[in-house]
Amino acid sequence: MEINLISNSKHQDGLKKWAGVLCLLAVLVTTLHWPSFLLTSSKGYGATAISLTIVLLGIAIGSLFRKNELQIDVLDGLVFLIALWTMASSYFHGRPQESFIPIIQICLSYFLLKSNRDLFTQQALGYSLLLLTGGILLQLLFIERIFHTFQYTEYGLLENHTTLAIFLAIALPIIITAIKGRPAKIVLSCMITGIILYYSRTAFIALLTSAILYLIILRIKRKYIILSIVAAVMVVIFLAGRNMAPIEGRLLIWKIALHDIDLSSSIIGKGHNYINDHYLDVQASYFATTRPIKEQLLAGQVHSTFNEAIRILIEGGLIGLGLWGMLVYVVYKRLLLSYKGSAATFISITAFMLIASFSYPLASLSVTLSMILIIVLTLPAVVKGDPLTVTLPVGASRYAWVCAVLILAPVGYSSYTMYRDIQAWTALKKNRYIIYNEGLYVERASALFHELDHHPKIVHGYATDLYSLGLYEQALETALLAKGLYANLHINQLIGSIYEELDEAKNAESYYMHAMAMVPKIYASKYLLFNFYKEQGDRHKAVRLASIISNYPVKIESEETRQIKNEINEYLTKFNGL
């Protein structure tokens, strides 16, 4: 009797491939933002951290039963040092420990996927990215086009449209390699490229530039290279020339961010997520002195430097920037050793690097993990016999995965407790006790709040509730805590209002002015300060500020700005008539 070993082997290979696809898809899906009506809604509720940790735990436990030797090379060492330094710098500056969770998850994802690289192929990665992209685009089509009044942040699987375009730009080159048939590749490339261009010029230009750079390195015929460069330059000039405001806005953000660097923080930085949490304070200190009107109109309510190198310099200092620089060098050194067979990898990684110069790809866990997968699974392996590579025996590798499990277990528990507490808080808010039973609301909220006093949005919301209930002392304490966690326009306005109710005019004026300096073009902040001067009976300051508001240009017309302008003009007319 003959046994068909070839057929059985193909069947096993097919199962192995699709098992790899499903595993990679599970890693990516757990980073998405699900609509609020689902149980595992968004990362703000801790569900993302729970589900991703469970998947990583599964991979780590599975690794314990595999007889794989773990190779540690220079790239691995740099990844570990970057994660370690980011957490050390953050701890030194007292950043919330919850901010360490994504750093730990990304670092362990890298090592777990690398150790199981034999299970995952570039084709499996392409299929997983294709399936995920298909789901994202179907959701975008059916929800955004049918229910066009919805905001993307309410239902989107990624943070915003810009993040969506960045994800598609780095995924497209890998997806193309997994598709068979030239017509299918052309159709899909045109469709995804069109979506990228529609939502982000930066991502489109980065993808186009990366492809042309690869052609130059490949050294194809000179005339094709010249034609490609000319076409790309014309496209870039056309896209950039349509609206220069975003470019000017980014240049201003870089100027403001670098303005905040001092000698003491330039070495070790200010900790992970400092820019996201406190950029508006930096912007307020910049506009505390008189600046040109053009700059005031360009400054927006943003929480990013739109340049990852500048962000890393501010948050991780020169040490962090140096480690990242070495990482990029090692990646390209290995990539260029076998560039002819790594077109998709080169284009994807280069597009990511170019986008990082003008946007915020590392702010998205989905985009970051996608790039980790691309580097781990498609970057050419280190050359055998490399003196800087250490191979751990099977026993030592298993100890490493035991350590990974022991690290992930408390991460998962911490994520679960945060998810549980926030769900309890959400249920309390939905019961509307604040309207029907204020005493019961304060009693239950204060009991829950001790577990959630590190969550900026909850602290801010609780401070607002206390203010509305007239509990000004408690509201002030809570609002100041919120400001220490996350600086934005509204929390400073709230603190100013609380101080005003407590008859602390000097402090109220200070916070109103700080809010006004955060985003100078917003009229509401100026209007609050104007009303404060009127209530205090300080006619001189009220008239001076009213004159500034009256002559201040309006960047975007709205009903609110028209009402403020009309009231200010009526006040000035009445004052001049006296």
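A crossing of two helices is called left-handed if the near helix is turned anticlockwise from the far one by less than a right angle, and right-handed if it is turned clockwise. Helices, for their part, are DSSP runs of H or I with at least four residues, and they are numbered from the N terminus. The model is a predicted one, in which local features need pLDDT of at least 70 and side-chain atom pairs count only at pLDDT 80 or more, while totals for chains, interfaces and linings use all residues. Residues are numbered from 1 along each chain as its sequence is written, and side-chain values use heavy atoms, with hydrogens and water left out.

Two packed helices are described by the angle between their axes and the distance between the axes. Here the axes are lines fitted to C-alpha atoms over the stretch in contact, and angles run from 0 to 180 degrees between N-to-C directions. Helix 7 (residues 161–178) and helix 8 (residues 182–199) have axes that come within 8 Å and cross at roughly 160°. Helix 7 and helix 8 are therefore roughly antiparallel to each other, a term used for angles over 145 degrees. The crossing in which helix 7 passes helix 8 is left-handed. Their contact (heavy atoms within 4.5 Å) involves residues including L164, L168 and L172 of helix 7 and L188, I192 and I196 of helix 8. By class, the residues of this contact between helix 7 and helix 8 are 12 nonpolar, four polar and one charged, where Ala, Val, Leu, Ile, Met, Phe, Trp, Tyr, Cys and Pro count as nonpolar, Asp, Glu, Lys and Arg as charged, and the others, Gly among them, as polar.

The contact of helix 15 with helix 16 has nine nonpolar, two polar and one charged residues.

The axes of helix 23 (residues 489–501) and helix 24 come within 8 Å and cross at roughly 160°, which makes helix 23 roughly antiparallel to helix 24. Helix 23 passes helix 24 in a left-handed crossing. The contact includes N492, I495 and Y499 of helix 23 together with Y511, Y512 and A515 of helix 24, and its residues divide into eight nonpolar, six polar and one charged.

On a 1 Å grid over the protein atoms alone, a pocket is an open set of points with protein on both sides within 12 Å along at least five of seven lines, a cavity is a set where a 1.4 Å probe fits but cannot get out, and lining residues have an atom within 4 Å of a point. The second largest pocket has a volume of about 580 Å³, a volume being the space filled by probe spheres set on grid points joined across faces, edges and corners. Of the 21 residues that line this second largest pocket, F287, A288, M513, M516 and I548 lie nearest its centre. Helix 24 gives the most to this lining, with five residues. The largest cavity holds about 40 Å³ of space, and its lining is formed by A257, D260, I261, S265, K270, L313 and I314.

Terms used. Helices (H or I, at least four residues) and strands (E, at least two) are DSSP runs, numbered from the N terminus. Angles under 35 degrees count as roughly parallel, over 145 as roughly antiparallel, 65 to 115 as roughly perpendicular and the rest as oblique.
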